[in-house]
Amino acid sequence: MRVLLLPALISLGVLTAACGPEPEQTRFDQRPVAVANEDSVTAAEFTSSFVTFLIGTGLNDDLQTRRIHLENMIDAELLAQEARRRGLAGDSLGLLRADLERRRAVGARFFEEAFVETLPPPTEEEIRQTFARYKAQVVVRHLYFTDPDEARASWERLEEGEDFLVEAARVYGLADVDSAAGFLGPIRYFQMDDAFAEAAFELEPGAYSTPVRSRFGWHIIRAEDIWQSPLLTESEFQVRQGGLSSQFRLRRRRLEGDRFVRGFMESLEVQAEGPAITALGSMLRDLSPDPGPVAGPVLAPEVGDRIPASELRAMIEPSTPLATYRYRGAERAFTAADYLAWLPFLPFQEARNRTAASVGRALRNEVFYLEGLRRGLNDQEASIIVDDALTKWLASRMRDSLRANPIDPTAEQLRMALERLAPRADYSVLPEDSLRLLVAPAVAEVDLLTRLRQDASIRVDEALFDSLACWHGDC
């Protein structure tokens with residue numbers, strides 16, 4: 001039985017939500033805010049990573065949180081360097097990952113180039129509005145949800161007259177009303193998730209939005225205040241007009257990307273092999289998820305599960321066609337082997353519960369990669385994206401290898417691990433046995449990082465960091 005795969009494809013969302021790092025971060029501020037040996041953390045990388053961290057965790061923006069985040073990014077650079085010294089980048093798994101990151105980056109480059117070409121140029125009025133928003137900041141508070149029904153119920157309570165802070169206490173599970181609940185501080189127009197920023201900058205002070213879906217979940221956004229720039233000069237507008245036009249187009253690209261993906265996939269005349277996908281789904285439901293590597297400091301693991309690829313490879317015939325499609329005039333098969341190649345980037349729950357959508361996601365990635373190659377987009381910009389992605393992956397792999405063989409730590413080692421990995425946490429109420437069980441897997445990592453930092457050349461551009469950390473607008 002052959003069935004159309006398009007309904008699954010339509011629900012996939014834009015490429016940047018599931019097919020790799022956003023390439024626009026390589027376009028802007030490449031000044032190094034920190035250098036660890038010869039590897040740098042650029043201003044663009046730090047800003048993108050920190051904003052993602054804030055929205056994903058619900059933490060408030062403050063100088064200490066920013067500094068801790070920068071230090072964690074430096075740690076990741078050092079761990080990746082150590083992973084390379086130990087040969088983890090050059091073994092079979094490392095080479096496979098590098099190839100996959102390259103394929104993902106080339107596909108992302110195609111999406112960027114092809115879709116941007118379909119967009120109409122922005123009008124002068126749109127660029128002037130973008131300039132005004134670029135110069136302003138909105139002080140925001142948000143309610144964060146993973147369930148859209150909960151977001152809608154919360155919004156309805158606000159519409160019925162519930163005070164926003166009272167609702168924030170309910171949403172965040174606080175015993176008392178707290179003025180810090182959900183507070184993100186001032187945000188800039190191009191600093192945030194696109195949908196989040198667009199909604200925030202449409203608000204008047206004191207107003208709140210309907211539920212907004214970002215790539216992290218759902219938000220109800222309240223504008224606490226708007227800080228307008230006192231100077232909007234024509235001369236500055238003329239200087240910045242070209243760059244603002246590019247950023248406007250990139251934002252429009254991400255917000256309207258579903259339309260492009262839908263049309264592109266329709267042109268491929270994709271048909272799914274129903275029985276094969278049903279069998280694949282059954283196999284996936286029999287598997288237990290792999291929790292994945294630890295992506296940050298201890299007590300802050302990566303959100304979401306991964307498909308245990310090695311188990312699935314042992315169960316499936318690689319040549320089995322999962323779908324057919326027409327590409328540049330010829331019919332092609334998308335096989336189980338093609339699907340397996342994209343496994344590291346496929347959400348486990350979608351693969352298990354909506355297998356046709358998961359196959360469609362992998363097929364889209366594959367064809368975008370082929371189109372990127374055809375257009376010569378395996379270029380320097382793709383290399384920058386790949387290098388950044390591999391650094392994060394190698395750091396996670398290094399952590400995995402260290403935590404696979406936990407040591408029995410001394411009390412001093414436990415204290416040092418807590419100070420480094422959870423500097424603001426209070427674990428004095430936990431029994432020592434519980435504390436030891438919680439922290440022991442990370443002690444080897446802390447010991448290694450301590451040695452690496454002692455031997456490393458680490459420089460932080462404090463002036464640049466301070467300029468990035470002007471969260472109160474005092475700079």
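R157 is partly exposed, with a relative accessible area of 29% (buried means under 20%, exposed over 50%, partly exposed in between, with a 1.4 Å probe and protein chains only). Its partner in a salt bridge is E167, with the closest N and O atoms 2.7 Å apart (a side-chain nitrogen of Lys or Arg within 4 Å of a carboxyl oxygen of Asp or Glu). E167 counts as buried, at 0% relative accessibility.

This is a predicted model, in which local features need pLDDT of at least 70 and side-chain atom pairs count only at pLDDT 80 or more, while totals for chains, interfaces and linings use all residues. Residues are numbered from 1 along each chain as its sequence is written, and side-chain values use heavy atoms, leaving out hydrogens and water.

**Salt bridges**
- The whole structure holds 32 salt bridges.
- R453 and E71 form a salt bridge at 2.7 Å, N to O.
- R453 lies in helix α19 and E71 in helix α3, so the pair ties together parts 382 residues apart in sequence (helices are DSSP runs of H or I, at least four residues, and strands runs of E, at least two, numbered from the N terminus).

**Strands**
- Strands β4 (residues 137-145) and β7 (residues 218-227) pair in the antiparallel sense over nine bridges (pairing requires that DSSP finds at least two bridges).
- Within this pairing, H142 stands opposite I221.

**Helix α3**
- The 23 residues of α3 should span 33 Å at 1.5 Å a residue, and its end C-alpha atoms are 33 Å apart, which agrees (the expected span is 1.5 Å times one less than the number of residues).
- G87, which follows α3, has a positive phi, near 85°.
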